[in-house]
Structures are given as C-alpha cells and as structure tokens.
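This briefing covers the sheets, helices, cores and backbone details of one protein model. Please look at the structure before reading on.

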Amino acid sequence: MSQIRSGILGTGHSYPAGILTNADLEKMVDTSDDWITSRTGIKQRRKAAPDEYTSQFAVRASRQAIERASIEAAEIDLILCATVTPDQILPSTACLIQAELGSDKAAAMDIVAACSGFLYGLTLADAMIRGGQSKYVLVIGAEILTRYVDYTDRSTCVLFGDGAGAAVVGAMEGDRGILAARIRSDGRYEEQLYAPGGGTKGGFSAETIARGDHFFKMKGNELFKVAVRSMSDISREVLEEAGLTTADVKLFIPHQANQRITDAVASKLSVDESKVYSNIAMHGNTSSASIPIGLDECVEAGRVQKGDIILMASFGGGVTWGGVVMRW
C-alpha cells in the first residue's frame, strides 16, 4: 500500500481594507518611518474597523480555501482556528466559524500558540489525517492584533497588523504533501511576549484596563535571539527528518515578525534571498495569520509549483516555535 500523507489542497486569505501606515503612526507616537523601517522592515499594516472581528476574516479566507480545494464545507471533519484574538472568551472562534460555514459534522476548536499557531494546527491536522480520524481538516490563522497594542508604546504598536489565512488539508498518496512537521514550546520565556490581564491570574477590572494589562508586552532584544535560534534549529530538524537539505528548498516562508529576524534565520540556514518570502513591509506581524497569508500570496503569484519543496518556520509568544517541510 502507498503511504498516505497529508497535504494542502487549497489556500485562502483575507484582511481588512483599513491601512495604518508609518506616517499615520508618526502622528500617534514618538516614532518615524525611518526608525520603524530600519528596525522592522514594516511600512504599513492592515487595521480592522471597530465593527469588524476575527471570525469575519477567518470565514472569508476559509471559503476561498474550500473553493480552491474543490470540496464542500459540509465535508470538513475538523476546524482548527489558531488565534490569540478570539471573537469572545466562549465559545471558541472555531465554533463560530463552523456555524457560519455550515460545516455541520466538523469538530472545532481554537489553538492558542501565538505566532506558531498555524504550524501547530498544520501539525495536528497532519496527525489526524494520517491516523484516519479526519479526511479534511480546515486550518486557520486569524488575528485582530491592533485591538491589543498600546499606541503609546512605540516598541510594540508599530509591529502588529490584522488578517487571516486558511488552508484545507487532506490525504495525498506518493511523495507529495507534508514530509516532516515538528512543534515546540518553552514556558520559561513567558515574559518575553505576553499580555498579563484578562485571565484568572491577572484579572479583568477597571484597574487592569487603566494599567494597560490587556496590551501586549515584549522584550524585543531578548526575543530576537531566541527566535533566530529556535527557527533555525527546527528548520534543520524537519529537513533532516525528510532527508533534505536547504539546497532542496524552493521556497522558505518564515513567520513575518521582523525583517531582521527573517534575514538572520535565512543566513543561518544558508537559504538564498531569492527563495525567502517576505510580506512584512505591507502587512506587519499578523501572528498566526502570517504564514498562511504568505503561502496563499505565493500560490496566487505562481511562486509555488507542483513538486516544489516548501519550508515554513515560526516563532511566537509562549514561547512556541514550529517547522514544517512539504512537497507541493
């Protein structure tokens, strides 16, 4: 019997119409376009309107992915929505997406793994399909991060943007599909990127809001070093498991956190700049949505062809990181 692998059958993405440029931020906080660009590579980011919410963009991206996979929403067995900015605390955003899509037989749950959420979901989808529990899995990364940034803190407010990306994952035979997938975490680095308010530990009150406890807090210099090391290491790990080297990689899609992180990881892996996809200048850091948005943009631009080796690597708060290598 041929070995069954899982592979991506269709992709999609969606983001708000609203745009927040570096020039806009210059009017809000003590910063400049030169300062932001030189340190992050970001020129603009998408920003949701006050009446928009996470699941709206997730549903739009999902419908596109489902259509491109040539299946019906009712055929989906499992919906995994990676997000740290859910519509509400209960029920999960994945359940709200399920209802909107009409995927009546699907189990649905959220994954909270910050910027690594999509690769966490892809890894779980791969296991469920290879184990025979699911035929089709919808994996989504969706965020409205601009609701959780402090626009008086120039170290964080310049980074984050909003959007969603999705992929339908299903069984494949032969040598196409996911060749290796690994996820990791280390909670000892909690305070490098976190939001202390709103939970049962930090609470939710007028005092916590006044302190800005619901906003993201970040130690950027420390996070940079851990991010580069972790993404490089796990990329080598999945390539080795798949019997490949970086020379085999046709396209590298890293999490879009910071252009300097992307450049450092590519350098450590010896991946040529022409093979590295970057959209951070236009979208900023969209956390769990960044890799699926990037993948779909590459599909739409014709940068992905059948048989290409694609490497994806991520790093996020938790801290979490992951790596997936696949043959398209």
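Helix H11 (residues 290–300) lies across E11 and E12 and runs at about 150° to E11. H11 also lies across E1, E6 and E7, at about 90° to E1. The model is predicted: local features need pLDDT of at least 70, side-chain atom pairs count only at pLDDT 80 or more, and totals for chains, interfaces and linings use all residues. Residues are numbered from 1 along each chain as its sequence is written, and side-chain values use heavy atoms, with hydrogens and water left out.

**Terms**

- Helices (H or I, at least four residues) and strands (E, at least two) are DSSP runs, numbered from the N terminus.
- Two strands pair if DSSP finds at least two bridges between them.
- Contact means heavy atoms within 4.5 Å.
- Angles run from 0 to 180 degrees between N-to-C directions, with axes fitted as lines to C-alpha atoms, for helices over the stretch in contact.

**The four-stranded sheet**

- Four strands make an open sheet with mixed pairing, in the order E8-E13-E12-E11.
- The edges are strand E8 (177–185) and strand E11 (251–254), each with a single partner strand, so one side of each has no neighbour in the sheet.
- From one strand to the next, the twist averages 10°.
- E11 pairs with strand E12 (residues 309–316) in the parallel sense, over four bridges; Leu251 stands opposite Ile310 in E12.
- Helix H8 (residues 220–241) lies across E8, E11, E12 and strand E13 (320–327), and its direction is at about 145° to E12.

**The five-stranded sheet**

- The order in this open sheet of five strands is E1-E7-E6-E4-E5, and the pairing is mixed.
- Strand E1 (4–14) and E5 are the edge strands, each pairing on one side only.
- Direction ignored, neighbouring strands of this sheet are turned by 20° against each other on average.
- Strand E6 (residues 136–144) and strand E7 (residues 162–173) are antiparallel partners over nine bridges, and Ile144 stands opposite Asp162 in E7.
- Helix H3 (residues 54–68) packs on the sheet and touches E1, E6 and E7, with a direction at about 125° to that of E1.

**Nonpolar cores**

- A nonpolar core is a set of buried Ala, Val, Leu, Ile, Met, Phe, Trp, Tyr and Cys residues joined through side-chain atoms within 4.5 Å.
- Buried means under 20% relative accessible area, exposed over 50%, and partly exposed in between (1.4 Å probe, protein chains only).
- The largest nonpolar core has 30 residues, and those with the most contacts inside it are Ile8, Leu122, Ile253, Ile310 and Met312.
- Helix H5 (residues 117–130) gives the most to this core, with six residues.
- A second, separate core has 28 residues, including Leu179, Leu244, Leu269 and Leu311.
- Not counting residues up to four places away in sequence, Ile253 touches Tyr277, Ile291, Gly294, Leu295, Cys298, Ile310, Leu311, Met312 and Ala313.

**Helix H9**

- In helix H9 (residues 259–269), the buried residues are Ile261, Thr262, Val265, Ala266 and Leu269.
- Seen down the axis of H9, these buried residues fall within an arc of 130°, so they line one face of the helix; the arc is that of the directions from the helix axis to the C-beta atoms.
- H8, E11 and E12 are among the elements that cover the buried residues of H9.
- Asn258 caps the N-terminal end of H9, with a side-chain oxygen 2.7 Å from the backbone nitrogen of Arg260.

**Backbone details in loops**

- The peptide bond from Leu90 to Pro91 is cis, with omega near 0°; Pro91 is in the loop between strand E4 (78–82) and helix H4 (93–101).
- Gly318 and Val319 are joined by a cis peptide bond with omega of about -10°, and Val319 is in the loop between E12 and E13.
- Ala114 is not a glycine, yet has a positive phi of about 50°; Ala114 is in the loop between strand E5 (107–111) and H5 and is buried, with a relative accessible area of 13%.
- Ser287, also not a glycine, has a positive phi of about 55°; Ser287 is in the loop between helix H10 (280–283) and H11 and counts as buried at 4% relative accessibility.

Terms used:
A polar contact is a pair of N or O atoms within 3.5 Å; within protein, one must be able to donate a hydrogen and the other to accept it, and residues adjacent in sequence count only if both atoms are side-chain atoms.
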